[in-house]
Amino acid sequence: MAELSGTLAEERLRVAAVPAALDEFHAALDRFWAAAARSSPPTPEEAWRHEFATAVIEIGTNIVSHSRSAERSPALVVFRLRLYADRVEACLLDRGIPFVEPPDHGSGWSGLAVDDVASLPEGGYGLPIARAALDGLRYRRSFHGTNFWHLVKRRPPAEHSTRTEAG
Amino acid sequence: VDVTISSPGGGVGIATVTGRVDLLSAAEFKSRMTEAIDDGNKRLVLDLTKVTFLDSSGLGALIGVLKAARQAGGDMRIAGAGEQARIVLELTTLDRVLTPYDTVDEALAGYG
């Protein structure tokens with residue numbers, strides 16, 4: 001089934017959106033990379049994996065920190081990781097309250113006054129880190145009240161072209 | 001997260017940090033480091049060799065500790081950061097503020 005759909009490795013998790021879920025996210029990523037290491041082509045270098053994992057954990061942390069259910073607490077998170085020949089994807093779904101991005105997010109780091117340490121913010125780095133680490137980050141809220149996060153990181157171009165030629 | 005602090009003298013404090021510095025541990029980490037500054041360790045070196053993961057909460061805590069150290073008339077340096085922590089610093093460009101030294105000795109050298 002996985003081969004038919006083009007999925008080289010997959011990991012799924014369903015867990016309550018409580019802080020302890022972060023341990024589950026890390027464990028799921030470890031299992032995923034172990035499965036991915038047995039796939040062909042092998043996953044790219046460690047830095048690429050770190051960037052993706054960092055982004056996944058940031059979004060998971062965001063859900064755990066801010067998501068609470070309108071009807072019951074805590075909300076559940078469905079977490080899915082998939083490796084393809086040309087990319088890796090993560091989907092995180094929860095039925096907590098809608099995510100509303102603060103207006104100062106997403107503007108990049110150009111405004112960061114690194115010469116004035118006293119003015120540096122001590123928070124608000126999570127989503128910008130995820131954006132910088134990924135090739136795609138999408139959020140949407142369904143009519144039925146599900147928050148849907150979709151994360152994409154493409155394999156390095158040289159590796160993908162090698163795979164295409166080989167295939 | 002586990003933090004062990006040694007004070008070799010001269011206001012220098014070497015903090016060995018072990019584990020994840022993230023949402024779950026950032027507040028405790030910052031509190032421990034602030035206590036160390038209050039105890040006279042104003043020139044801090046954080047040995048991050050054993051840090052397994054740094055997230056944005058941990059990064060915020062590092063910024064907070066740096067501010068506290070400078071407000072106390074000291075400074076804070078990081079050493080031995082692994083690839084994941086360095087990626088977080090580079091993605092945010094905060095490696096311009098928190099320069100990652102390869103070793104504790106290199107970080108200490110600048111303190112004189």
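**Figure legends: chain B and Arg155(A)**

**View 1. Fold of chain B.** In sequence order, the elements of chain B run β-β-α-β-α-β-α-β-α, that is, four helices and five strands (DSSP runs, with H or I over at least four residues for helices and E over at least two for strands, numbered from the N terminus). With a radius of gyration of 12 Å, close to the 13 Å given by the globule rule for 112 residues, chain B is as compact as a globular protein of that length (C-alpha atoms; the rule is 2.2 Å times the number of residues to the power 0.38). The model is predicted: local features require pLDDT of at least 70 and side-chain atom pairs pLDDT 80 or more, whereas totals for chains, interfaces and linings use all residues. Residues are numbered from 1 along each chain, chains are lettered from A and ligands numbered from 1 in written order, and side-chain values use heavy atoms without hydrogens or water.

**View 2. Burial in chain B.** Of the 112 residues in chain B, 53% are buried (under 20% relative accessible area, 1.4 Å probe, protein chains only). Among contacts between residues at least 6 apart in sequence, 69% join residues at least 24 apart (heavy atoms within 4.5 Å).

**View 3. Surroundings of Arg155(A).** Arg155(A) lies in the loop between β5 (147-154) and α4 (157-166) of chain A. Arg155(A) is buried, at 4% relative accessible area. Its side chain reaches the backbone oxygen of Ala85(A) at 2.8 Å. Residues touched by Arg155(A), leaving aside those up to four places away in sequence, include Leu8(A), Pro41(A), Trp48(A), Tyr84(A) and Asp86(A).

Definitions and conventions:
Buried < 20%, exposed > 50% of the residue type's maximum accessible area, 1.4 Å probe, protein only. Polar contact = N/O pair within 3.5 Å; in protein donor to acceptor, adjacent residues only side chain to side chain.
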